[in-house]
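Take a look at the chain below.

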Amino acid sequence: MQSFNRAVDAIIAALRVVIVVQATGIFAIAIFAVVARYIFGGAVSWSEEVPRYLLIWISFLGAAICVDRKEHIAFDILYDHLGAAPRSVLAWIINLLILAFGFVMFWWGIVFVEDFGGDLMETIPYKNYWYYVAMPISGALLLLFAVKSIVDALLGRHESQIGHSVD
């Protein structure tokens, strides 16, 4: 189990690096677009589209990280006022709902990529595959992190509680 947790931690660390690189890319493209427009007098056609796609990736990957860290939408007010047994039941319900949602994102994300990934992007000559795959990848990560949370709950680890992750 220790090696599984270390592998998940390594995945999260890599995801954080990817998100920081993507956010830096958005910032650099925005600066480049401003410089191109106001200093060189020309607009860059892809300066709106590429940051939008990077933001899609950031959103999907960030949402998966939030599930692992128990920072997803939860009922903290309700949770904090419940006893130990109802808390455990609520944590199980939330974990199972996240597992189901991750499966739906993964399955229908694959269908979405197959159906629409071959379309061309608006301003650059690439197909939509490279950013549409954010959905099934995020779904797979949600599945992984939900399974980790469920295993933690089965082992009686406190990290599985809603909104109260132990760092």
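A residue counts as buried when its relative accessible area is under 20%, as exposed when it is over 50%, and as partly exposed in between (1.4 Å probe, protein chains only). Asp 152 is buried, with a relative accessible area of 2%. This is a predicted model: local features need pLDDT of at least 70, side-chain atom pairs count only at pLDDT 80 or more, and totals for chains, interfaces and linings use all residues. Residues are numbered from 1 along each chain as its sequence is written, and side-chain values use heavy atoms, with hydrogens and water left out.

**The chain as a whole**

The chain has six helices and zero strands. Both kinds of element are DSSP runs, numbered from the N terminus: helices are H or I with at least four residues, strands are E with at least two. Along the sequence the pattern reads α-α-α-α-α-α.

What is the radius of gyration of the chain? The chain has 20 Å, while a compact globule of 167 residues would have a value near 15 Å. The radius is taken over C-alpha atoms, and the globule rule is 2.2 Å times the number of residues to the power 0.38. The C-alpha trace spans about 65 × 35 × 30 Å along its principal axes.

Of the 167 residues, 35% count as buried. Contacts (heavy atoms within 4.5 Å) tell about the fold too. Among those with a separation of 6 or more, 74% join residues 24 or more positions apart.

**Salt bridges**

Side chains of opposite charge can pair when their charged atoms come close. A salt bridge needs a side-chain nitrogen of Lys or Arg within 4 Å of a carboxyl oxygen of Asp or Glu. The structure holds three of them.

| Pair | Closest N and O atoms |
|---|---|
| Glu 122 and Arg 52 | 3.4 Å |
| Lys 148 and Asp 68 | 3.8 Å |

Start with the pair of Glu 122 and Arg 52. Glu 122 sits in the loop between α4 and α5, and Arg 52 in helix α2 (residues 49-68), so the pair ties together parts 70 residues apart in sequence. Glu 122 is exposed, at 60% relative accessibility. Arg 52 is partly exposed, with a relative accessible area of 33%.

Now turn to Lys 148. Its bridge to Asp 68 links distant parts of the chain: Lys 148 is in helix α6 (residues 134-154), Asp 68 is in helix α2, and they are 80 residues apart. Are these two residues buried or exposed? Both Lys 148 and Asp 68 are buried. For Lys 148 the relative accessible area is 11%.

**Aromatic rings**

A pair of aromatic rings is described by the distance of the centres and the angle of the planes. Rings of Phe, Tyr and Trp (its six-membered ring) pair if their centres lie within 6.5 Å; planes under 30 degrees apart count as stacked, over 60 as edge-to-face, and the rest as tilted. By this rule the count is eight aromatic pairs. In one of them, Phe 112 and Phe 116 have ring centres 5.1 Å apart and planes at 50°, so the pair is tilted.

Both of these residues lie in helix α4 (residues 84-116), four residues apart, about one turn of the helix. Phe 112 is partly exposed, at 30% relative accessible area. Phe 116 is partly exposed as well, at 37%.

Phe 112 also pairs with Tyr 132: the ring centres are 4.7 Å apart and the planes stand at 55°, so this pair is tilted. Phe 112 lies in helix α4 and Tyr 132 in helix α5 (residues 129-132), so the pair ties together parts 20 residues apart in sequence. Tyr 132 is buried, at 15% relative accessibility.

Ring pairs link Tyr 53, Phe 112, Phe 116, Trp 130, Tyr 131 and Tyr 132 into a cluster.
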